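Here's a quick tour of a protein model, covering what packs inside and what holds the ligand. Have the viewer open as you read.

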Amino acid sequence: MSDPTVVLLPGDGVGPEVAREAKLVLELVAPDVAVEERLIGAAAIRATGDPLPEETLAACREATAVLKGPVGDPEFDAADVRPEQGLLRLRAALDAYANLRPAGDVLIVRELVGGLYFGASGVRDDGTVFDTCEYHPDQVRRVVRRAFALSRGHVTSVDKANVLETSRMWRRVVNEVASQFPDVRVEHMLVDNAAMQLATNTEQFDTIVTENMFGDILSDLAAAVTGGIGLAPSASLADGGPGIFEPVHGSAPDIAGRGIANPTAMLRSTALLLDHGLGRPEDAQALMRAVDAALESAPTFDLGGTASTAEFGAAVREQLALTRA
Ligand code: NAD
Ligand code: IPM
Ligand code: MN
């Protein structure tokens, strides 16, 4: 087998700032892994006109795993070609359908390549604008299976079955998969209630499985109630091909360029990459412990501390060097 390769996509805003720390940590923890940087998002539009240049996509397809910073820049919010399109195309091209978003003790498994994000959309002659939510049962089945396999005995499936046709099909598929996992307790919850329950009684949840848009919204909420958006990582997994590892948060234009972003989400995404992408769970655990120690010793501004992005990264590497010496 050839040496593992990680494609690093720094992205926009705080992306390059947190990606720098991830790269330094990877060099320390996995010195045998080749790290290749490529452009995505606004940075790629500026350089090539395309948020996902062909060359970037080709490198990602060839990679063992993709480590990605957030994309997005207010400059392109009203443009026809937008940074976020590059991310959506990358997720679809790699078929990275199972988006794991752990927050505290809750794991959200978000379907990532279907639903409203990828259904038909457009403008009718009369000016009506539409986006459609579409799912095939097979798309639901594969992500629900992942959620059951990952759960610690309790799956909460979140939908809007009191309104949506897609949600009623989602429920049927969840019940069918549940019958194959007799040891897992399954519960169905409507998404509005799920938001309220997450905010007020977070501990009741083990694994939440839900469709693309609901998972997007609930994962920011879950991050907020379990310590903050700067802490939440994600892993987007396919069947076989490279996964994409990235923070849940965005490019944070309000603090970009100041060197104060919390790199925890990016570093925890690096840990998920070590585990799910490279099959190195022990290195992943060592990194997770080092990040936890740095959160104690060198908290960043969003957590009420004073450490810069670089100081936090240095604290993580110091901790890693101590425990691996
Ligand atoms: P955001 O997550 O970028 O920022 C929301 C708030 O959280 C801001 O106040 C920001 O300063 C803070 N924050 C975020 N990450 C932080 C960190 N690491 N440390 C400290 N504070 C942090 O959400 P937004 O403002 O709605 O989006 C900004 C841009 O990011 C948009 O263009 C959006 O499309 C994009 N975005 C990209 C991704 C991605 O690439 N996966 C994810 C979410 C949003
Ligand atoms: C996320 C982001 C993306 C999403 C955007 C930037 C397309 O919010 O990864 O959570 O909605 O999936
Ligand atoms: Mn989001």
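## Ground rules

Contact here means heavy atoms within 4.5 Å. This is a predicted model, where local features need pLDDT of at least 70, side-chain atom pairs count only at pLDDT 80 or more, and totals for chains, interfaces and linings use all residues. Residues are numbered from 1 along each chain as its sequence is written, and side-chain values use heavy atoms, with hydrogens and water left out.

## What packs inside

Take Val-144: beyond its neighbours within four places in sequence, it touches Trp-170, Val-174, Val-177 and Val-209. Val-144 also belongs to the largest nonpolar core, where Leu-67, Val-144 and Val-316 have the most contacts among 59 residues. (A nonpolar core is a set of buried Ala, Val, Leu, Ile, Met, Phe, Trp, Tyr and Cys residues joined through side-chain atoms within 4.5 Å; buried means under 20% relative accessible area with a 1.4 Å probe, protein chains only.)

Helix H10, spanning residues 281-297, is the top contributor to this core with seven residues (helices are DSSP runs of H or I, at least four residues, numbered from the N terminus). At least three residues come from each of domain 1 (1-98 + 230-325) and domain 2 (105-226), with bounds from an automatic or database domain assignment. Another core of 15 residues lies apart from it, including Leu-52, Val-71, Leu-94 and Ala-96.

## Around ligand 1

Which residues come nearest to ligand 1? Of the 21 around it (a heavy atom within 4 Å), they are Val-71, Glu-84, Gly-250, Ala-252 and Asp-254.

Polar contacts are pairs of N or O atoms within 3.5 Å. Ligand oxygens sit 2.9 Å from a polar backbone atom of Val-71, 2.8 Å from a backbone N or O atom of Ala-252, and 3.0 Å from a side-chain N or O atom of Lys-68.

Key
Chains lettered and ligands numbered in written order. Buried < 20%, exposed > 50% of the residue type's maximum accessible area, 1.4 Å probe, protein only. Helix = DSSP H or I, 4+ residues; strand = E, 2+ residues; numbered from the N terminus. Polar contact = N/O pair within 3.5 Å; in protein donor to acceptor, adjacent residues only side chain to side chain.
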